[in-house]
Amino acid sequence: MRALRVLKAPSKYYSLETVPVLRAEGSKVLLKIGAAGLCHTDLMVLEGSFGSNLPLVGSHEPAGTVVALGEEAEKIGKIKLGDRVAALLPKDVCGKCSDCKFGDWKYCGFSKYGGINTDGYFSEYALVEAKHCVVIPESMSFEQAAPLTCAGVTIYTAIKKANLKPGEIIAISGLGALGSLGVQMAKAMGLKVVGIDARPEPLDLARSFKVSPDLVIDGGKTSPEEAVKEIIRLRPEGYEGWDGVDATILTADPLSSHQFALSLTRRHGQVILVAQPPELHFDFKNFIFQDLTLSGSLHGNEVDLKETIDLCAKFGIESHVKKFSVDDHKLMIDQNEQIGRKGKIVLSFE
């Protein structure tokens, strides 16, 4: 089969190679990949940010058709031949650590991550864990399903972690692949939604969605004071409480975007980090005098993925997808770096 591999890091591009198709054994199933997403983390792997577990096949966002099952996977009975599925990136979860037994297996410190420290899904066929698969509806294309396995489930889980009530206000800072899905999801979940970015293309994209945010803020042209005044108008008549949003999700890396978003978050509010900047820098006053709570959020489990897929199917939530073929993989990387890019890049094998 053909596959895009990272042979060494740092590298600008993948290497297109022919490699053997692996057998489905144990708890794994073999997918004929329909589409696989390109994520910011994939670029970090090319840069060498995740160490030297190379060579490996890139991508951690797979969707495809089940063509073979391992013995254990057959016994689990969750997935059958011919199913169209989306799958999560972790592999070989230990099942024995404290997180696996008492918490959430997604935090297992012994698991491997497809496309990050073991082979991923930029290939014509790939192995995934049967229990990490979710069947997708016939109405959903592989190109729309693939981004939900990381970008979609990550932002959905972060929104859930905020634990807000319908009508409360959430801000999503950064309207890239995660944020553009997130503003649609949060709105569909009954929240008042503020989308923040400083790039005109993602801002225009957010405004164009059928399920669009209540307020879109250009962080490059709007002062925090002006933004808070706009946010106050989202509150119901007679509201008594704090100025600003109830929770903020940070999806973008630039530190300037973090400070802007924190300045829009009300006292005693929440800040949830899903961005992956090399370092963080906050003013202590935000946490001591503003009493903000900062927490991280890590992708999701199979329950979160099913809820993500169901929500998107029910409300028609979609990514703005730009498709590439495996032969155009260098162009795919170049396009990702273009100024004005919006939405999600997906490698299609159909």
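Contact here means heavy atoms within 4.5 Å. The model is predicted: local features need pLDDT of at least 70, side-chain atom pairs count only at pLDDT 80 or more, and totals for chains, interfaces and linings use all residues. Residues are numbered from 1 along each chain as its sequence is written, and side-chain values use heavy atoms, with hydrogens and water left out.

**Stop 1: serine 319.** Select serine 319, in the loop that runs between α11 (302-315) and β17 (321-324). Helices (H or I, at least four residues) and strands (E, at least two) are DSSP runs, numbered from the N terminus. Serine 319 counts as buried because its relative accessibility is 8%; buried means under 20% relative accessible area, exposed over 50%, and partly exposed in between (1.4 Å probe, protein chains only). Show Gln144, Pro147, Leu181 and Lys344: these are the contacts of serine 319 once neighbours within four places in sequence are left aside.

**Stop 2: lysine 344.** The side chain of lysine 344 meets that of glutamate 61 in a salt bridge, 2.8 Å from N to O. This pair links distant parts of the chain, 283 residues apart: lysine 344 is in strand β18 (residues 344-348), and glutamate 61 is in the loop between β4 (56-57) and β5 (62-69). Both residues, glutamate 61 and lysine 344, are buried. A salt bridge is a side-chain nitrogen of Lys or Arg within 4 Å of a carboxyl oxygen of Asp or Glu, and the structure holds 18 of them.

**Stop 3: leucine 234.** Next, select leucine 234 in the loop between α8 (224-232) and β14 (245-250). Leucine 234 is buried, at 15% relative accessible area. Not counting residues up to four places away in sequence, leucine 234 touches Ile169, Lys192, Val194, Asp214 and Leu215.

**Stop 4: arginine 235 and aspartate 246.** The side chains of arginine 235 and aspartate 246 form a salt bridge (3.1 Å, N to O). Arginine 235 is in the loop between α8 and β14, and aspartate 246 is in strand β14, 11 residues apart. Both arginine 235 and aspartate 246 are buried.

**Stop 5: aspartate 197 and arginine 199.** In this salt bridge the closest N and O atoms are 2.8 Å apart. Aspartate 197 is buried at 9% relative accessible area, whereas arginine 199 is partly exposed at 39%.
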